[in-house]
Amino acid sequence: MTGTYRENYQALGAAQKGAARSAPAYSRFVNRRLGRLLAAGAVRAGLTPNQVTGVSAVFTFTAIAALVLVAPSWWSGILVGLALVVGYAFDSADGQVARLTKTGGPGGEWLDHVVDSVKVVSLPLAVMVGWYRFDTHQRCWLVVPLVHAVVSSVLFFAMILTEQLRRSRGVVSKAAVGGRAPWLRSVLVVPTDYGILCLLFFAWGATGAFAVGYTLVVAATMLFLAAALVRWFREVRALPAVSKEGT
């Protein structure tokens, strides 16, 4: 499809996949819409879904590198925050481009997940290195981004693995789409929203305020992970076993 920007944008409205009931508010109500705006332009420009993923990676990892290479300041915080927000929006756009152009596939999904897996670990580690290199915090604060790296990687892996185990058995989770009061649920999990984390980096230059806000986000994500792991384990344990013929 190579229609006008307006035509692409309107077509994307009918090509949206159902929103996950548990999707946090920013990701669901803001980032998806930003991704739609970018996806309409990407299709008009002839970009493939994988190329859009590449654009997302450029913005995201440029921001991550800046945390390590540039001393915290008001202007570096604005640049890092903008780059992370744009990178996250393009992360939403690649899937929308794939659905609109019907060019999605396992390769694109694999690439998207690999980029995300690097991002969720490298971002908190860059925070830790930046704090250490520019000596903005006492050494005890370095534990916070280190914990965040572990929590983020476990959350990402457990979420993806749970979804793959559901798919392999043809099971659709009750929380996958719809459900009662999805808006309220989305708001309640806002502290765990990657989009909120991106916005938090606009305060990167206000080192004390950022540290407090970042610590609160990490603590909320830890609580969410603890509850989610219990729920996911119960759900996965109840899935039907896979036949082991030939073993």
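## A charged residue to start with

Is aspartate 91 buried or exposed? Aspartate 91 counts as buried, because its relative accessibility is 13% and the cut-off for buried is under 20%. Keep this residue in mind, as it returns below. One caution comes before that: the model is predicted.

## Overall build

The protein has nine helices. It has zero strands. Read along the sequence, the pattern is α-α-α-α-α-α-α-α-α. The protein has 247 residues, and buried residues make up 39% of them.

## How H5 and H9 pack

Helix H5 covers residues 106–133, and helix H9 covers residues 207–237. Their axes come within 13 Å. They cross at roughly 150 degrees. That angle makes H5 roughly antiparallel to H9, because angles over 145 degrees count as roughly antiparallel. The crossing of H5 past H9 is left-handed.

The structure holds seven salt bridges. One of them joins the side chains of aspartate 91 and lysine 119, with an N to O distance of 3.6 Å. This pair links distant parts of the chain. Aspartate 91 sits in helix H4, lysine 119 sits in helix H5, and the two are 28 residues apart.

What about cover? Lysine 119 has 6% relative accessibility, so it counts as buried. Aspartate 91, at 13%, counts as buried too.

Glutamate 163 has two partners to look at here. The side chain of arginine 166 meets glutamate 163 in a salt bridge of 2.9 Å, N to O. Both residues lie in helix H6, three residues apart, which is about one turn of the helix. Arginine 167 also forms a salt bridge with glutamate 163, at 3.6 Å, N to O. These two are four residues apart in helix H6, so about one helical turn separates them.

Salt bridges that share partners join Glu109, Glu163, Arg166, Arg167 and Glu235 into one network. Arginine 166 is buried, at 10% relative accessibility. Glutamate 163 is partly exposed, at 29%. Arginine 167 is partly exposed as well, with a relative accessible area of 47%.

Which residues make the nonpolar surface patch? They are Trp74, Trp75, Ile78, Leu79, Leu82, Leu199 and Phe202. Helix H4, residues 74–101, gives the most to it, with five residues.

Take leucine 79 as an example. It is found in helix H4.

## Two loop residues with positive phi

Lysine 102 is found in the loop between H4 and H5. Its phi is near 55 degrees, a positive value in a residue other than glycine. Lysine 102 has 72% relative accessibility, so it counts as exposed.

Where does aspartate 135 lie? It lies in the loop between H5 and helix H6, which spans 143–168. Aspartate 135 is not a glycine, yet its phi is positive, at about 50 degrees. With 53% relative accessibility, aspartate 135 counts as exposed.

Note on methods
Residues numbered from 1 in each chain as written. Predicted model: local features only at pLDDT ≥ 70, side-chain atom pairs only at ≥ 80, totals over all residues. Heavy atoms only, no water. Patch = residues over 30% accessible without salt bridge, like charges linked within 9 Å, V, L, I, M, F, W, Y side chains within 5 Å. Areas by Shrake-Rupley, 256 points an atom, 1.4 Å probe, with all protein chains shown as cover. Salt bridge = Lys/Arg side-chain N within 4 Å of Asp/Glu carboxyl O. Axes fitted to C-alpha atoms, helices over the stretch in contact; angles between N-to-C directions. Parallel < 35°, antiparallel > 145°, perpendicular 65-115°, else oblique. Left-handed = near helix turned anticlockwise from the far one by under 90°. Buried < 20%, exposed > 50% of the residue type's maximum accessible area, 1.4 Å probe, protein only.
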